[in-house]
There are 2 protein chains.
Amino acid sequence: MRLVIARCSVDYAGRLSAHLPSATRLLLIKADGSLSVHADDRAYKPLNWMSPPCSLKETEDNLWTVTNKAGEQLIITIEEILHDSSHELGVDPGLIKDGVEAHLQELLADRMEVLGDGWTLVRREYPTAIGPVDILCRDSSGTVLTVETDSVPPRPRHWAVEIKRRATIDGVEQLTRYLEYLNRDTTLAPVGGVLAAQSIAPQARTLAEDRGIRCLVLDYDELRGIDKAEDRLF
Amino acid sequence: MRLVIARCSVDYAGRLSAHLPSATRLLLIKADGSLSVHADDRAYKPLNWMSPPCSLKETEDNLWTVTNKAGEQLIITIEEILHDSSHELGVDPGLIKDGVEAHLQELLADRMEVLGDGWTLVRREYPTAIGPVDILCRDSSGTVLTVETDSVPPRPRHWAVEIKRRATIDGVEQLTRYLEYLNRDTTLAPVGGVLAAQSIAPQARTLAEDRGIRCLVLDYDELRGIDKAEDRLF
DNA sequence: TATTTTATCTCGGTC
DNA sequence: GACCGAGGTAAAATA
């Protein structure tokens, strides 16, 4: 990573045309080849930038040209360099986001066994007319070897899983609506419901259980680590 | 602006919880009190940040705490500082997005009737694979009441408008490329072209009219004031 | 100042 | 590679 503080003007010609009049700014050149131009305000957004992959060419007359594959160009006219330093940062281990619904869904989808032995994912974001169900999965009831009888052989039962950071009455109502739709599909029915959340409001639990919806408290550390058999629903 | 290169770990507790394991990163502290944490990739986006207004508190045991009004916190544990410098940047004059053209676009978008009675804006900066079209709009041909016939009723026709301060051959070529792309979209086609500029180079006009592109000279004062019906295209 | 719309959105996931 | 949706969206335009 190279940090340059310089008085410069910048012209961008790409998806739009833009110009930065002369001023002192930070030029942030990253190891991935990207460059961004920062003013002394707005934490998040650079004034201008070029995303990788792109190449920086410094010509002797203090003209920097950053070009990407699409031919977009960032032209930086350097008037005075006030600071210039380079630093070796190495690869970043990256951000770990906790407790986001999407993340819980991801983790749970990867660890279907938390729901029960032999449970398998059908798909995440299973589409219905009223929106996607977080997770649709199957239990193992159809895979059990049984003695041949005249009765209909058992088949895997489907389950719709609604995931929340904190489950409330609203979540139960939402899952109930999904179940109503899913159970109209004769290739899926009967479909059971599971309400999975890091915490479940007492009234939500009461309503869910009253409607035959199973409740599962998700332990974040457990989802990331090894599941404990004794905590399984079945 | 203060630039710190440090080995650190970061925890964010706010709208979500997030954690950055120990690594060497750039801490970018801006004059507006904001802080952002950058790795050596992803030009645009910091790994983590706190937007202004917020306050940074450095405690003696190498713990930085950034807090905003909503009580969200960024906690940075500094393990080793490799670089620390401060720079006076002053106020930035800010980005100019193609000043005049943008202003003309704004004015014209507000006064679609300059193009013709009943013309309506679809959107400015209409995106295409090869860049945004200045203005996409519809004429009034579909809204005219007609005697019932067996023929397909007329529907509004789309128009792509390219705006320039001074239109040259390049502008015609640009608009031609946009039209080619837009006409591949069956929900839009047929899309007509309008070249609108404060002045139009003779060769540009010749080429445009040869390609069936309409030319419109924009009068800046007229756009700001009352349009004159006799100047309309239709 | 509060709300709505935009973005060179970015980023991830699915088809 | 496309398409779609979420984001600690952020930032700009608007009421």
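Me: What kind of model is it, and how are residues and chains labelled?
Reply: It is a predicted model, where local features need pLDDT of at least 70, side-chain atom pairs count only at pLDDT 80 or more, and totals for chains, interfaces and linings use all residues. Residues are numbered from 1 along each chain as its sequence is written, chains are lettered from A and ligands numbered from 1 in the order written, and side-chain values use heavy atoms, with hydrogens and water left out.

Me: OK. How many residues of chain B are in contact with chain A?
Reply: 52 residues of chain B, against 52 residues of chain A. Contact means heavy atoms within 4.5 Å.

Me: And how much area do they bury?
Reply: About 4200 Å² between them, with 63% of it on carbon and sulfur atoms. Buried area is the accessible area (1.4 Å probe) that two parts lose on being put together, summed over both.

Me: Which residues of chain B lose the most area to chain A?
Reply: Asp40(B), Ala43(B) and Tyr44(B). Together they give 18% of what that side buries.

Me: How many salt bridges between the chains?
Reply: Two. The rule wants a side-chain nitrogen of Lys or Arg within 4 Å of a carboxyl oxygen of Asp or Glu. Arg25(A) forms a salt bridge with Asp92(B), and the closest N and O atoms are 2.6 Å apart.

Me: How many residue pairs are in polar contact across that interface?
Reply: 17, with both residues at pLDDT 80 or more. A polar contact is a pair of N or O atoms within 3.5 Å; within protein, one must be able to donate a hydrogen and the other to accept it, and residues adjacent in sequence count only if both atoms are side-chain atoms.

Me: Which element gives the largest share of the chain B side?
Reply: β2(B), with 12 residues. Strands here are DSSP runs (E, at least two residues), numbered from the N terminus. By class, the chain B side divides into 26 nonpolar, 14 polar and 12 charged residues. Ala, Val, Leu, Ile, Met, Phe, Trp, Tyr, Cys and Pro count as nonpolar, Asp, Glu, Lys and Arg as charged, and the others, Gly among them, as polar.

Me: Which strand of chain A pairs with β2(B)?
Reply: β8 of chain A, residues 96-98, in the antiparallel sense over three bridges. Two strands pair if DSSP finds at least two bridges between them. Lys97(A) stands opposite Ala18(B).

Me: Where do the DNA atoms within 4 Å of the protein belong?
Reply: 66% belong to sugar or phosphate and the rest to bases. A phosphate oxygen is 3.2 Å from a polar backbone atom of Lys45(A). A polar side-chain atom of Tyr12(B) lies 3.2 Å from a base nitrogen. For Glu72(B), a side-chain N or O atom is 3.5 Å from a base nitrogen.

Me: Last one. Which residue in the turn between β5(A) and β6(A) has a positive phi?
Reply: Asn62(A), at about 60 degrees, in a hairpin with three residues between the strands. β5(A) and β6(A) pair in the antiparallel sense over six bridges. Leu56(A) stands opposite Val66(A).

Terms used
Helices (H or I, at least four residues) and strands (E, at least two) are DSSP runs, numbered from the N terminus. A residue is near a molecule or strand if one of its heavy atoms lies within 4 Å of it.
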